[in-house]
Amino acid sequence: MDKRNIWVVCDAFDHVDSFTGQLVSKAYQLSKESNGCVQVIFLGNTSEDELKRCALYGADEVVYQHCETKDERLWLDILSDIYSSIGADVIMFTNSDFSKTLSSFFASRFEFGLTADCIDICFEDENGFVFERAAMSDSVQARIICIDSQCCTCTVKKNAFVENVINEVKELSIRKWDYKGSFNTDDTYEVISCVKREIENSADLDNAKIVFGVGRGVKDKETFDLICQAGKKYNAVVVGTKCVVDDGLLPKKYQGGQSGRSIAPDIYIAFGISGANQHLVGIRNSRQIIAVNNNENAPIFNIADVKIVADVKEFIKEFSE
């Protein structure tokens, strides 16, 4: 069987970030299932030592193109040049705004299948690469197979996969690309005006070691406030299920689960969360899950490491002391 090329496109520009580590770790797993070769496509400006970090997660090769600017159209041309020369069977992008634009342009240019916001990928002998994502208002997980597509592309939600350093780091090949095309933004568009956009800081949730999850079982504002106070005490970030966000207790950026943010803290404490599948998908990579619920048959207890059957309000009062 010929080797399948599994690409991970890094958009961090000057370093190998944890998101790239997550994707390369998954690509390495897929390579073992499919007899594949893991290639990291790195466009930007960084050192060879930094590129070598890709080997820690299982990469076989890094294709590196030095460039001084991060522009979707330039990267699209470079990526197309690399693909036309060496090819790929599956290409994984992050779900940053930049990569969403880049992946959609790339898939459109080559008429490839593109699955957005993947939460899992597997390889099956009969179907090839199979992608999973939320569908039908997040009520189901759809399995997507690309039909009549030479290459499958996808964007992946952050923390959908676990960053994993392999035991036996293999020798990494670094192939320096030499893009011969030309690119001049001055010939393409004119900037008429600029508007400053305030970017919400999401770093706290991405890097949080402790996360408190709030579900429908938290029935009043007083209990919610007690959980938030405890969160400050223990340096935890508070997230909510979809119904909590819909009720206005938390902004959308703090919605955890399949339809919100996938998270992977060291400790996740679920207060009054029953454990609907779409929420569990988004927290499954947490290292330890503690569940507090007054229903001993709550589905979340099936995956919890520590199970506490108690009234959330009474528990949080004691927990906060």
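Predicted model: local features only at pLDDT ≥ 70, side-chain atom pairs only at ≥ 80, totals over all residues.

Residues are numbered from 1 along each chain as its sequence is written, and side-chain values use heavy atoms, leaving out hydrogens and water.

**Stop 1: the helix pair.** Select 72-86 (helix 3) and 97-110 (helix 4); their axes come within 10 Å and cross at roughly 50 degrees. The contact (heavy atoms within 4.5 Å) includes Trp75, Leu76 and Tyr83 of helix 3 and Phe98, Phe105 and Phe106 of helix 4.

**Stop 2: the cores.** A nonpolar core here is a set of buried (under 20% relative accessible area, 1.4 Å probe, protein chains only) Ala, Val, Leu, Ile, Met, Phe, Trp, Tyr and Cys residues joined through side-chain atoms within 4.5 Å. In the largest one, with 37 residues, pick Phe212, Ile227, Tyr268, Phe271 and Ile300, which touch the most other members. Then centre on Phe212: among the residues it touches are Ile227, Tyr234, Val238, Ile269 and Phe319. A second, separate core of 34 residues includes Leu23, Val40, Phe123 and Phe161.

Stop 3: Most residues other than glycine have a negative phi. Go to Glu111, where phi is positive at about 60 degrees; its relative accessible area of 68% makes Glu111 exposed (the cut-off is over 50%). Finish at Asp148, in the loop between strand 8 (140-145) and strand 9 (152-156), with a positive phi of about 55 degrees. Asp148 is exposed too, at 79%.

Note on methods: Axes fitted to C-alpha atoms, helices over the stretch in contact; angles between N-to-C directions. Helix = DSSP H or I, 4+ residues; strand = E, 2+ residues; numbered from the N terminus. Lists of a residue's contacts leave out its neighbours within four places in sequence.
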